[in-house]
Amino acid sequence: MSHQLIQQCCKQLRLGHIPKVYSKLNDESKEEYLLTLLQSEIQARASAKINRLIKKAGFSQQKTFEDYELGSAATTFNDSLSFEELKDLVFMERNENIMMLGSVGTGTTHLAIATGIEACKNGKNVRFFRVSDLVSILLVKHQNGSFKYRSS
């Protein structure tokens, strides 16, 4: 009976992760138990948010910086930005745009996706488009009159 009440209370309070872990915890004091329980809820919510952002971004595949091999035929991007600064999302802090260029097979898409996933991990909303898809979308919007251009 108390298990069902706990689940109902957690549902009402929107604490979806707590019913999964509360019975598995063995902390010494009530404060430690409560703290561990609340921390696990916070971690679960943060993880769920990252997963939502990644799904919403529309990446064609999952790529990370750890998987990227920096080689001689690598993708090029802004001269003012190093590879480490790209990984650390420094360009976002400076409100800068980046453009990545490279031949087929040089890792341009890999770097774009890895950058986007890293941004999602930092709580940023991201949208991923291949250039051809973006041009098609913009062309259709322009043709049906729904394209809104804002100049700064």
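Is Phe-65 buried or exposed, and at what relative accessibility?

1. Phe-65 counts as buried, because its relative accessibility is 6% and the cut-off for buried is under 20%. This is a predicted model.

2. Phe-65 has an aromatic partner, Phe-83. Their ring centres lie 5.9 Å apart with the planes at 90°, so the pair is edge-to-face. Phe-65 sits in the loop between H3 and H4, while Phe-83 belongs to helix H4, so this contact ties together parts 18 residues apart in sequence. Phe-83 also counts as buried, at 16% relative accessibility.

3. Ring pairs link Phe-65, Phe-83 and Tyr-68.

4. The count of aromatic pairs comes to three. One of them joins Phe-59 and Phe-128, with 5.8 Å centre to centre and 45° between the planes. That pair is tilted. Phe-59 is in the loop between helix H3 (30-57) and helix H4 (83-87), and Phe-128 is in the loop between helix H6 (108-121) and helix H7 (131-143), so the pair ties together parts 69 residues apart in sequence. Phe-59 and Phe-128 are both buried.

5. Now the surface. Phe-129, Leu-134, Ile-137, Leu-138, Phe-147 and Tyr-149 make a nonpolar patch of about 540 Å². Phe-129 lies in the loop between H6 and H7. Its relative accessibility is 32%, so Phe-129 counts as partly exposed.

6. Phe-128 is buried, whereas Phe-129 is partly exposed.

Definitions and conventions:
Residues numbered from 1 in each chain as written. Predicted model: local features only at pLDDT ≥ 70, side-chain atom pairs only at ≥ 80, totals over all residues. Heavy atoms only, no water. Phe/Tyr/Trp six-rings, centres within 6.5 Å; stacked < 30°, edge-to-face > 60°. Helix = DSSP H or I, 4+ residues; strand = E, 2+ residues; numbered from the N terminus. Buried < 20%, exposed > 50% of the residue type's maximum accessible area, 1.4 Å probe, protein only. Patch = residues over 30% accessible without salt bridge, like charges linked within 9 Å, V, L, I, M, F, W, Y side chains within 5 Å. Areas by Shrake-Rupley, 256 points an atom, 1.4 Å probe, with all protein chains shown as cover. Salt bridge = Lys/Arg side-chain N within 4 Å of Asp/Glu carboxyl O.
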